[in-house]
Amino acid sequence: MKLQEYRSKEILARHGVALLDGIVASTPAEARAAAERIGSPVVVKAQVLVGGRGKAGGVKLAATPAEAEARAAEIIGLVIKGVTVRTLLVVPAAEIAKEYYLGLILDRAAKAVTVIASADGGVEIEETAKTNPGAILRLPLHPLIGLREHNVRRVAFFLGLDPEQRRAFGPIMRGLYAAFMASDADLAEINPLVTTPGGELLALDAKIVLDDSALPRHPELEAMRDLAEEEPSEIAAREAGINFIKLDGNIGCMVNGAGLAMTTMDLVKLAGGEPANFLDIGGGAKADRVSTAFAIILDDPRVQAILVNIFGGITRGDEVARGIVEARASLQRTVPMVVRIVGTNSVEAADILRQANLITADSLDDAAAKAVAAALAEGGAA
Amino acid sequence: MSILVNNATRLLVQGITGREGEFHSRAMLEYGTPIVAGMTPGKGGQSALDGRVPVYDTVAEAVEQTGANASCIFVPAPAAPDAMLEAAEAGIPLIFCITEGIPALDMLAVYHVLRAKGARLIGPNCPGATSVSEAKVGIIPGEIHRRGPVGLVSRSGTLTYEVVQAMTDAGLGQTTCVGIGGDPIVGSNFIDMLSMFNEDPETEAIVMIGEIGGDEEERAAAYCAREVRKPMAAFVAGRTAPPGRRMGHAGAIISGGAGTAESKRLALEAAGIRVADSPSQIPGLLRAAGVR
């Protein structure tokens, strides 16, 4: 789960990272009041989870409170990569002498929390990695003893900080690490970390991405989820314990297992169709979860056919078949359904499906082709 | 021959009295897997699976009493890291963790402790491994297999079954099929399994099933180009996955333009590995490579 900039900064500040205190605003009047309280030129920043907000006009400088109000009015309601701006962060404008990148990631190959640092800050680190990989330090930390002072010094010297800046850097590096570990993050980055003409070190922007698997033990972080920026269907799916991602096509997919769900989408595409979603009902799917999955898929009016692909293992096929039949009976809207159930209890499953007159398929390729044909026919009829 | 598990496996099941643990232990036993012990704290002295398997309170006791040499873990995510550590502490050299949803930072410590202990971990968030007609550890349905010359390694669960079924239907049997798990931190990677298959005299060809995210497939491709002389076929799931979204598996995410299905396909093909567009094409690719 991605956290908004102001949430990420809240967490970093709690762990002692130096940054300029900002004020959250959701109306132009609030932005004006925030600028008045700050009492100096401010930057008004759109709080959205998508990248590229600066280029999209979501970050603007304001010299006076009146200007802050005007800029806020421009930014609120702006649509950035499909997301409507609702919240702003008003921060004191900082004078920048130099920009750096400082991040921590969970490096799966190194099996370690790894520091990523670069003296070329303010740009996408992936871009620097491509154009100038030598400018990036990757420093894996010991997985059992964590960040030590020699690690901190190594990063500070790599960034070329002067002695005074090196002293200020310690609390920032240690705070970033503490925040990463305490919140079970996948990624925590400060970009840019800046030095001011006065020599101060400050975190100007921050991003934290949390490990979804660890969220159950962090209710305080779960509460920071920005529901306004999520698809309502994705919220409903999460509450039901279903992995769901909305896409743009017209063929709904319900599959058990993430790898098979991706493969099902790939084969729909290969058969000439467009998948409407990724949906993994998970292991041991019960009738009620199947029913919720259908409702979520059909919530999208573009869906013209559903492909159900269940390969038994942990999931029992007959339970799924019964769930499908029951769920279909209670749906507001129905579309053609192609159902393929293989594996544990698949004989019983096939009986149940046949009795309910659902389209069955022998193979995944066959199921994908039938779903594409069914969606075409449905689209033609509509 | 086969890899990881066989007739000499003496399996302990941690969490044998839970719903999933019991269901799958029954299937493992029916397949012929020697389950010598179960373990559930507080249920020591009882027995599981209709009196066929003794249950112990601790892994140490189970090992002492039964000589268990492999463990399969079905305990819920909050307790699973400790279950893996307990198994390694008791000297079990091969540990399968089926459990999904374990926080990555927990796995980091477990990974390094198990490595220091010399224990091999498969998973977590994996379906386990089956050595056909010998032993099945985990949740892969037993009936989809047929004994034969192909070894299979995959990051997925049900997608593995799909490919195995396609091979069996086409008359191509398997030595061992293993799922290494879809989490960012897993105990064993593609290369670990590929090198075992490479050494196994009975495995004549290898199938590798990858998915988007990370660069394990690319690394495996480079390894295969250097070390593996057996015919190979591969499939990579997630060609239609949008960037930046986690596709169910915590590991399956395309970030910063890296980890795409296309980059993996290119790396595999550059290593001389045939890559299928659909799981159903795998048997044909193996046949074309001369596998009988």
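This is a predicted model: local features need pLDDT of at least 70, side-chain atom pairs count only at pLDDT 80 or more; totals for chains, interfaces and linings use all residues.
1. Polar contacts across the interface. Ten residue pairs are in polar contact between chain A and chain B, both members of each pair being at pLDDT 80 or more.

2. Origin of the chain A side. Helix 9 (258-270) of chain A is among the elements that give two or more residues to the side touching chain B. Helix 9 of chain A also supplies the largest share of that side, ten residues. The other helices with two or more residues there are helix 6 (163-182) and helix 13 (364-381) of chain A. The strands that do so are strand 7 (98-107), strand 8 (112-118), strand 13 (243-246), strand 16 (305-311) and strand 17 (337-342) of chain A. Sorted by class, the side of chain A that touches chain B has 22 nonpolar, 16 charged and eleven polar residues.

3. Extent of the interface. In chain A, 49 residues are in contact with 56 residues of chain B. About 4,200 Å² is buried between the two chains, and carbon and sulfur atoms give 62% of this area.

4. Charged pairs between the chains. Side chains of opposite charge can pair when their charged atoms come close. Between chain A and chain B the count is two salt bridges. A salt bridge links A:Arg340 and B:Glu162, with 2.8 Å between the closest N and O atoms. Over all chains, the structure holds 39 salt bridges.

5. A salt bridge within chain A. A:Glu67 and A:Arg71 form a salt bridge whose closest N and O atoms are 3.9 Å apart; the cut-off for such a pair is 4 Å. Why are A:Glu67 and A:Arg71 separated by about one helical turn? They are four residues apart in helix 3 of chain A, and therefore about one turn lies between them.

6. The four-stranded sheet of chain A. This sheet is open, has the strand order 1-6-2-3 and pairs in antiparallel fashion. Strand 1 (23-25) and strand 3 (59-62) of chain A are at the edges; each has a single partner strand, so one side of each has no neighbour in the sheet. On average, neighbouring strands of this sheet are turned by 25° against each other, direction ignored. Strand 1 of chain A runs antiparallel to strand 6 (residues 88-92) of chain A and is joined to it by three bridges. A:Ala25 has A:Leu88 of strand 6 as its bridge partner.

7. Helices on that sheet. Helix 1 (residues 5-14) of chain A packs on the sheet and touches strand 1, strand 2 (42-46) and strand 6 of chain A, its direction making about 50° with that of strand 6. Helix 3 (residues 65-75) of chain A lies across strand 2, strand 3 and strand 6 of chain A, at about 165° to strand 3.

8. The seven-stranded sheet of chain B. An open sheet with mixed pairing has the order 9-8-11-10-12-13-14 in chain B. Strand 9 (135-138) and strand 14 (274-275) of chain B are its edge strands, each pairing on one side only. Strand 10 (residues 147-154) and strand 11 (residues 174-179) of chain B run parallel and are joined by five bridges. B:Arg147 is opposite B:Gln174 of strand 11.

9. Helices on the chain B sheet. Helix 1 (residues 19-31) of chain B packs on the sheet, touching strand 8 (128-131) and strand 9 of chain B, and makes about 170° with the direction of strand 9. Helix 8 (residues 261-270) of chain B lies across strand 12 (205-211), strand 13 (232-237) and strand 14 of chain B, and runs at about 170° to strand 13.

How values were computed: Residues are numbered from 1 along each chain as its sequence is written. Chains are lettered from A and ligands numbered from 1 in the order in which they are written. Side-chain values use heavy atoms; hydrogens and water are left out. Two strands pair if DSSP finds at least two bridges between them. Axes are lines fitted to C-alpha atoms, for helices over the stretch in contact, and angles run from 0 to 180 degrees between N-to-C directions. Contact means heavy atoms within 4.5 Å. Buried area is the accessible area (1.4 Å probe) that two parts lose on being put together, summed over both. A salt bridge is a side-chain nitrogen of Lys or Arg within 4 Å of a carboxyl oxygen of Asp or Glu. A polar contact is a pair of N or O atoms within 3.5 Å; within protein, one must be able to donate a hydrogen and the other to accept it, and residues adjacent in sequence count only if both atoms are side-chain atoms. Ala, Val, Leu, Ile, Met, Phe, Trp, Tyr, Cys and Pro count as nonpolar, Asp, Glu, Lys and Arg as charged, and the others, Gly among them, as polar.
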